[in-house]
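Here is a short briefing on one structure. Look it over first, then read the points below.

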Amino acid sequence: MVIKVYIASSSGSTSIKKQQQDVIGFMAVNKIEFEECDIAANEDNRKWMRENVPENSRPTTGNPLPPQIFNEERYCGNYEAFFDAREDNSVYAFLGLTAPPGSKEAEAQAKQQQ
């Protein structure tokens, strides 16, 4: 399984740049394998991302903006959903991955199962 983070390398939006850095930084620090898919430099990436963000997750006007996160073909969510999952210590579940032993998320899951 490969986590794919769709980004725009040449975004004029400071907000989008910060969100992309936040997601990528989190993945790197937590040693979560991921692939950056640049929608600014690759038209196929842009087209694929736009076609695969579910209808109910699209903005009411315009196209979905990066960062958008997928586990292979399965849509995980946008930055807001990632941020919420991080706040709830449920990023691995959000990504469709098993939380590593000793992580806050694994500990929370163990408590829920008791």
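Predicted model: local features only at pLDDT ≥ 70, side-chain atom pairs only at ≥ 80, totals over all residues.

**Strands**

- Helices (H or I, at least four residues) and strands (E, at least two) are DSSP runs, numbered from the N terminus.
- Two strands pair if DSSP finds at least two bridges between them.
- Strand S1 covers residues 3-7 and runs antiparallel to S3, with four bridges joining them.
- S3 also pairs with strand S4 (residues 74-78), again in the antiparallel sense and over four bridges.
- Phe-70 has Tyr-75 as its bridge partner in S4.
- A hairpin is formed by S3 and S4, with two residues between them.
- Glu-72 sits in the turn and has a positive phi of about 55°.

**Side chains of S3**

- Buried means under 20% relative accessible area, exposed over 50%, and partly exposed in between (1.4 Å probe, protein chains only).
- Strand S3 spans residues 68-71.
- Gln-68 and Phe-70 point one way from S3, while Ile-69 and Asn-71 point the other way.
- All four of these residues are buried.

**Aromatic pairs**

- Rings of Phe, Tyr and Trp (its six-membered ring) pair if their centres lie within 6.5 Å; planes under 30 degrees apart count as stacked, over 60 as edge-to-face and the rest as tilted.
- The whole structure holds eight aromatic pairs.
- One of them is Tyr-6 with Trp-48, a stacked pair at 5.6 Å centre to centre and 15° between the planes.
- Tyr-6 lies in strand S1 and Trp-48 in helix H2 (residues 43-52), so this pair ties together parts that are 42 residues apart in sequence.
- Tyr-6 is buried at 3% relative accessibility, whereas Trp-48 is partly exposed at 21%.
- Tyr-79 and Phe-82 form a tilted pair, 6.3 Å centre to centre with 40° between the planes.
- Tyr-79 and Phe-82 are three residues apart in helix H3 (residues 79-87), so about one helical turn separates them.
- Tyr-79 is buried at 14% relative accessibility, and Phe-82 is buried at 0%.

**Aromatic cluster**

- Tyr-79 and Phe-82 also belong to one aromatic cluster with Phe-26, Phe-83 and Phe-94.

Methods:
Residues numbered from 1 in each chain as written. Heavy atoms only, no water.
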